[in-house]
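Hello,

Here is the model we talked about passing on. Please look it over, then read my notes below.

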Amino acid sequence: MNRQGRGSSFAAMSLRLSCPVHSQANEAILLFFIVLLHVTILAVFAGSKSTGTSSYFGGNETDHQALMAFKTHITFDPQNIFSSWNDSIHFCEWEGVTCGHKHKRVTVLDLHSKGLEGSLSPFIGNLSFIREIVLSNNTIGGKILDEFGRLFRLRVLRLYNNSFNEEIPANLSHCFNLYFFDVGRNNLSGSIPMELSFLLKLEVLYVDTNNLKGGIPTFIGNLSSLQILFASNNVLGGHIPDTLGQLRNLTDLEFSRNKLSGSLPFEVGNLVHLGLLDLSENKLSGKIQSSLDSCTSLEYLYVEDNLFQGEIPISLSSLRGIQVMDLSRNNFSNQIPNFLEKLSLKNLNLSFNDF
């Protein structure tokens, strides 16, 4: 204000020197210009204060309001996480929030294992620059919102071990950059939506321990980038589709504790990078496919508590890296093959069969 005051005095002095002092008209004009100059200075000062407020929020009040709406939908915060969520500091410094350095937009929201209870605000769909949302191990419930489908930059969505219900929203297909999707251990129902087939960058898919029905969709073969697929502990029925063999990058596959029936497709032999195969506690039948000998990376094979029959195929002798093999509670017969002794098994269970 001192600089502005000296500036206004200097301007007034200049005006007085340039005007005849005995002219009442000129004095009126001079007074008008002095008032106008002070008004202008005050307006500039007020504008600078307003600009300061805008820069405090990084020019992104949308993100600020979206986070505040998220906070209001949380009804229980035992670790007092949201005590830092106030306007005394920039929202980029709030606990669990990470922003980009350049634009100060929210890029990560990580509040996993905080004991939070409540639901999600639809305003979460306004965090248009967000790349990761990690809310695992809380008790957040309600529907997984359709507004997630607006987050086209989203790469990681981890909602594991919460209380979400209803169906997996189909418009998650709009999150075409998504590569990690975990909704395991919730109360989700319905089927695996066909629209997920558009997530061509998806590498990790956890939908285990829910109430999903229907079957393993044939479109699963379109997810060519998929490496981990967990769908255990659901109510999935029907056959395992042949298209599963198209997932040539798959390393971990779990379909245990469902109601799957029919035989193991021959195409499973295409999964040459598979390290874990868990099909236990289903109603699968027929023989173990000889094509499994191509799965030379296999370390863990669980097919217990099914209806498999026949002899243990000699092709399994190719599984030189196998560590655990559980074939118990089936209808395998004939003799126990000698090649099992030559494998590097740490655990072998053949109990409750017809040997």
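Serine 328 counts as buried, because its relative accessibility is 4% (buried means under 20% relative accessible area, exposed over 50%, partly exposed in between, with a 1.4 Å probe and protein chains only). This is a predicted model: local features need pLDDT of at least 70, side-chain atom pairs count only at pLDDT 80 or more, and totals for chains, interfaces and linings use all residues. Residues are numbered from 1 along each chain as its sequence is written, and side-chain values use heavy atoms, with hydrogens and water left out.

Serine 328 sits in the loop between strand S20 (324-326) and strand S21 (331-332). Strands (E, at least two residues) are DSSP runs, numbered from the N terminus. The side chains of serine 328 and aspartate 326 make a polar contact of 2.7 Å (a pair of N or O atoms within 3.5 Å; within protein, one must be able to donate a hydrogen and the other to accept it, and residues adjacent in sequence count only if both atoms are side-chain atoms). Leaving out residues up to four places away in sequence, serine 328 touches Glu304, Asp305, Asn349, Leu350, Ser351, Phe352 and Asn353 (contact means heavy atoms within 4.5 Å).

Now the sheet. Five strands form an open sheet in the order S1-S4-S6-S8-S10, with mixed pairing (two strands pair if DSSP finds at least two bridges between them). Its edge strands, S1 (74-76) and S10 (187-188), each pair on one side only.

Strand S4 (residues 117-119) runs parallel to S6, joined by 3 bridges. Glutamate 117 has threonine 139 in S6 as its bridge partner. S6 (residues 139-143) also pairs with S8 (residues 163-166) in the parallel sense, over 3 bridges. There, glycine 142 partners phenylalanine 164, and lysine 143 partners asparagine 165.

Best wishes

How values were computed
Helices (H or I, at least four residues) and strands (E, at least two) are DSSP runs, numbered from the N terminus.
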